[in-house]
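Me: Pick one part of this model and give me a close look at it. I'd like to see how it sits in its surroundings, with every cut-off spelled out.

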Amino acid sequence: MAGIVAVAPAEGQLAGRPAALWRQLLRSPRGVIGLAGLVWFVGIAIVGAILYKNPLPTGTTSASVFLPPSRTYWLGTDQLGRNVFDEIMLGAQVSVIVGFAATAIATTLGAVIGITSGYFSGPTDTVLMRGTDVALALPALPLMIVLAAILPRGLLTIILVIAVTSWPGPARIIRSGVLSERERTYILRARAVGCREWRIVGRYILPAVMPVILANAALLTAVAVLNQAVLAFLGLGDPTHASWGNLLQGAFDGGAMLQGAWWVIVPPGLCIVGLVLSFTLLSNAMSEVLNPRLNPS
Amino acid sequence: MRTGSLRSVVAKRLLWLVVTLAIVATINFWLFRVLPGSPLLEITREGRLSAAAVRELSNSFGLNRGVGYQYLDYLRHIFTFNTGLSYASQVPVTSLLFPALVHTLILVAAAEFLIAVFGVWFGVRAGAKPGSFLDNTIVTSAMAFWSVPTFWAALLLQLLFAVVIPIFPIFGMQSLSAPASGVGHVTDILMHLVLPAVSLAIVSYGQVVLILRNSMTEIIGEGFVLGVRAKGVRERKVLWGHVVPNAFLPTLTVLVLSAQFLLAGTIQVEVVFSWPGLGLLMVQAVSTRDLPVLEAAFFLIAVAVVVLNLIADLLYAWIDPRVRFR
């Protein structure tokens with residue numbers, strides 16, 4: 001599912017000025033919508049974490065199962081008589097936490113491999129990139145299913161499983177960013193005046209490729225949120241904590257489709273789409289800022 | 001061997017294929033042998049066995065030998081498709097695997113067809129006038145559909161067209177009441193195929209749209225397009241005769257590679273519609289802890305994906321000679 005937007009840096013576009021990137025981002029409609037969506041869902045996650053306690057109370061009688069939306073239950077109840085609105089509020093934090101944590105791990109791993117590979121070319125580069133190729137060639141979701149099935153259930157497993165399958169993309173993209181940056185004159189000058197290699201990497205190369213890393217990280221987060229929902233729906237999530245994917249899985253297994261209980265199916269899905277779309281729009285806006293040829297208007 | 005000849009590219013890629021497959025097989029071995037603790041515990045979980053019986057089992061599975069021996073044994077088995085018996089149903093794993101593979105291929109082929117048609121159409125419309133209202137609408141909606149989890153798209157379609165408006169069947173690949181052969185059989189399968197294939201296509205066509213659109217906007221800005229226009233060639237002919245063929249290269253690779261992403265979607269769609277393919281088999285194997293089936297299904301999918309990547313690479317090298325000289 002990865003790689004929908006090619007975030008390849010155009011020659012000479014990597015100015016490495018975060019403030020300028022930020023200003024241009026706020027001028028792009030997609031960037032603004034993406035940021036607004038992001039703030040909205042992180043807000044829901046924080047409010048949900050403060051107001052609700054896991055696990056939510058279930059219904060007391062069989063009459064409280066699959067109730068349609070009403071004044072007491074704004075989004076109805078699920079197969080166990082739980083309030084769907086409360087579940088959505090409480091479940092938001094799982095998507096947000098998994099999205100950010102998995103992306104942080106995958107991006108760090110990808111950046112370390114990408115920068116090492118791109119900067120110190122030669123055999124290091126060959127070995128690392130061949131390894132990345134193999135990792136890219138593995139089918140991500142089947143691998144996630146196998147890993148999640150073998151490792152103990154829980155939030156940490158989900159984060160690790162998603163991170164393990166998503167570092168190769170950033171590694172390649174960051175490497176190509178480093179390759180174009182490495183040959184620029186100021187790097188040669190820095191080396192000529194005796195700047196040490198790790199200092200060049202930390203002081204010049206890393207800041208220069210940072211915009212590319214960030215644009216790709218936004219996309220990775222979108223993919224991570226999607227994958228968390230998918231794993232939960234396939235019954236591989238953390239069963240002890242409410243999440244949007246768990247809500248859908250429980251409803252599907254509990255016969256929501258045959259009952260026509262759309263109120264359990266539609267709202268959590270819309271939340272997933274909203275959060276994923278926010279990150280996708282943000283990433284798209286960032287890569288257009290980085291590569292203006294894509295958007296001549 | 002001269003670098004750049006098609007044959008040398010093929011040879012290099014084939015060698016690479018073998019290396020990748022060996023690594024995949026090794027990962028598979030370690031995942032299933034080394035990670036989950038003792039395999040004997042998995043087998044004997046159902047009943048209590050005496051120490052003698054455990055030793056007996058251990059001998060017959062070669063578990064008392066070294067890991068190296070087990071690894072070679074495993075390689076021999078997996079490449080001869082001798083993948084053992086399913087824990088859950090006690091039939092050979094291959095007898096479950098191959099029908100499931102065929103069912104998955106039917107689904108993927110149908111979805112890939114829809115993606116090619118709609119993805120190319122929308123991609124060309126958007127790329128022809130970058131920055132226009134139509135372009136923005138197509139790109140934004142492609143991204144919106146891409147943000148939809150495949151299983152949720154499948155759930156919505158199922159809710160709408162199988163429960164609220166019951167046009168299509170909700171479950172499985174064929175009805176029990178339908179004829180077992182002939183036109184009736186095919187129509188029955190096609191009816192079952194519509195919703196799963198559409199769910200898959202609707203979330204995946206966006207990728208083709210975006211890649212085609214972006215490579216079209218780059219090609220339109222090139223000098224030769226201006227030249228063709230200056231000759232007085234009609235805009236429609238410029239677009240379909242000159243821009244699209246040149247922009248199509250990256251898209252073609254995406255079409256082949258999207259099969260890999262389709263695979264991820266297929267697993268979800270198969271679960272929602274109970275389509276008896278590899279994905280459903282895998283997910284069921286997880287819930288019944290049927291490790292031989294899970295392992296073989298994963299390996300088969302990995303091999304399929306690696307081979308697809310190879311096909312994409314070779315296709316690219318064959319069509320675009322520039323690639324060979326990289």
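Reply: Burial first: a residue is buried if 20 or more other C-beta atoms lie within 10 Å of its own, exposed if 12 or fewer, and partly exposed in between, with the C-beta atoms placed from the backbone. By that count 36% of the 326 residues of chain B are buried, while for chain A the figure is 51% of 297 residues. This is a predicted model, in which local features need pLDDT of at least 70 and side-chain atom pairs count only at pLDDT 80 or more, though totals for chains, interfaces and linings use all residues. Residues are numbered from 1 along each chain as its sequence is written, and chains are lettered from A and ligands numbered from 1 in the order in which they are written.

My pick is H10(A): nine of its 10 residues are buried, so the rest of the structure largely encloses this helix. (Helices are DSSP runs of H or I with at least four residues, strands are runs of E with at least two, and both are numbered from the N terminus.) The buried residues in H10(A) are A:Trp244, A:Gly245, A:Asn246, A:Leu247, A:Leu248, A:Gln249, A:Gly250, A:Ala251 and A:Phe252.

Chain A puts 42 residues into the contact between the chains and chain B puts in 45. On the chain A side, the elements that contribute two or more residues are helix H4 (123-137), helix H5 (140-150), helix H9 (197-233), helix H10 (244-253), helix H11 (256-259) and helix H12 (262-290). So much for the list; H12(A) is the top contributor on that side, with 10 residues. Sorted by class, the chain A side comes to 34 nonpolar, seven polar and one charged residues. For the classes, Ala, Val, Leu, Ile, Met, Phe, Trp, Tyr, Cys and Pro count as nonpolar, Asp, Glu, Lys and Arg as charged, and the others, Gly among them, as polar.

The axes of H4(A) and helix H7 (residues 168-182) of chain A come within 9 Å and cross at roughly 140°. Axes here are lines fitted to C-alpha atoms, for helices over the stretch in contact, and angles run from 0 to 180 degrees between N-to-C directions. H4(A) and H7(A) are therefore oblique to each other; under 35 degrees would be roughly parallel, over 145 roughly antiparallel, 65 to 115 roughly perpendicular, and the rest is oblique. The crossing of H4(A) with H7(A) is left-handed, a label for a near helix turned anticlockwise from the far one by less than a right angle (clockwise gives right-handed). A:Thr132, A:Ala135 and A:Leu136 on H4(A) meet A:Pro168, A:Ala171 and A:Arg172 on H7(A). By class, that makes four nonpolar, one polar and one charged residues.

Stepping back, chain A has 12 helices and zero strands, and its C-alpha trace spans about 80 × 45 × 30 Å along the principal axes. Of the chain A contacts between residues at least 6 apart in sequence, 76% join residues at least 24 apart. Chain B has 13 helices and zero strands. Just after H9(B), B:Gly232 takes a positive phi of about 90°.

Last, confidence: pLDDT is the predictor's confidence in each residue, from 0 to 100. Chain A averages 85, with 92% of the residues scoring at least 70. Over residues 1-15 of chain A the pLDDT is below 50, yet that stretch has 41 contacts in the model beyond near neighbours in sequence. Where pLDDT is low, the predicted coordinates should not be read in detail.

How values were computed
Two residues are in contact if their C-beta atoms, placed from the backbone, lie within 7 Å.
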